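Here are a few notes from my pass through this one, jotted down in the order I'd look at things. Have the viewer open while you read.

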Amino acid sequence: MGVIDKHPLFRDGVVLALRSQADIEVVGQGASIWDAIDLAEKSRPHVLVVDASTLDCSMGAVESILQQHPSIRILLLADEASEHHVHATLKRGVRGYLLKGSSAGELAQTVRALSQGQSFISPSLAAKLLMRTGSGATGEATGSGHLSHLTAREQQILSILVQGRSNKEIGSKLELSEKTIKHHLTNILQKLHVRNRVEAALVASNHLPQKRLAS
């Protein structure tokens with residue numbers, strides 16, 4: 001994976017935190033979006049962690065990277081974010097959005113989730129997205145009304161999904177096979193009338209009991 005952040009001290013901290021994980025390899029780093037483009041071309045990292053402020057309010061470079069290298073998953077780190085910006089970046093192909101106040105463990109878990117083809121948004125940002133009404137752009141409004149249709153097991157799986165866990169990690173926590181978790185997630189998406197794990201997580205973050213989400 002690669003790390004792009006224009007602040008050397010913070011970038012060094014992110015790189016150090018990720019390199020401390022035995023299963024995560026940092027193949028490069030940089031300070032500008034041009035470094036990101038170069039890193040994507042030369043090293044083809046599975047995940048590219050990018051400081052949102054490095055984009056200078058432009059998503060053009062991100063779209064270019066994703067068009068040229070669709071296998072790369074981009075994770076944005078931000079001090080704070082509006083629901084409009086989060087939605088706009090997801091619409092353009094960003095797979096993860098994490099606040100800089102998150103822990104090193106949360107960062108590592110999110111990187112793992114993205115590397116396995118999943119998506120993740122900080123729960124507090126997900127709640128903001130759920131407050132968007134009128135456009136129905138992400139399907140969260142319709143999904144919230146169907147949580148009662150989930151079984152106890154499906155709600156349990158959904159509450160763990162919000163934490164950015166992979167199917168394998170969810171299965172390990174619940175002592176279920178990865179195949180069983182995948183089957184349950186398919187049912188969850190259908191029942192909530194959402195298209196993917198991110199939208200399901202958006203629904204859960206705002207509507208599942210907080211006690212259950214913390215478990």
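1. A term before we start: by nonpolar core I mean a set of buried Ala, Val, Leu, Ile, Met, Phe, Trp, Tyr and Cys residues joined through side-chain atoms within 4.5 Å. Buried, in turn, means under 20% relative accessible area. And keep in mind that this is a predicted model.

2. The largest nonpolar core has 25 residues, and the members touching the most others are L48, I74 and Y97. At least two core residues come from each of helix 2 (33-43), strand 3 (47-51), helix 3 (60-68), strand 4 (73-78) and helix 11 (197-207). There's also another core apart from this one, with 18 residues, including V162, L174, I188 and A201.

3. Skipping neighbours within four places in sequence, its contacts are L48, V50, V62, I65, L66, V94, R95, G96 and L114.

4. Now the sheet: six strands, open, parallel pairing, in the order 2-1-3-4-5-6. Strand 2 (28-30) and strand 6 (120-121) sit at the edges, each pairing on one side only.

5. Which strand does strand 1 join through three bridges? For strand 1 (residues 2-4) that partner is strand 3, and the two run parallel. Look for V3, which stands opposite V49 in strand 3.

6. Then the helices on the sheet. Helix 2 lies across strands 1, 2 and 3, at about 170 degrees to strand 1. Helix 4 (residues 83-91) packs on the sheet too, touching strand 4, strand 5 (96-99) and strand 6. The direction of helix 4 makes about 150 degrees with that of strand 5.

Definitions and conventions:
Residues numbered from 1 in each chain as written. Predicted model: local features only at pLDDT ≥ 70, side-chain atom pairs only at ≥ 80, totals over all residues. Heavy atoms only, no water. Buried < 20%, exposed > 50% of the residue type's maximum accessible area, 1.4 Å probe, protein only. Helix = DSSP H or I, 4+ residues; strand = E, 2+ residues; numbered from the N terminus. Contact = heavy atoms within 4.5 Å. Pairing = 2+ DSSP bridges. Axes fitted to C-alpha atoms, helices over the stretch in contact; angles between N-to-C directions.
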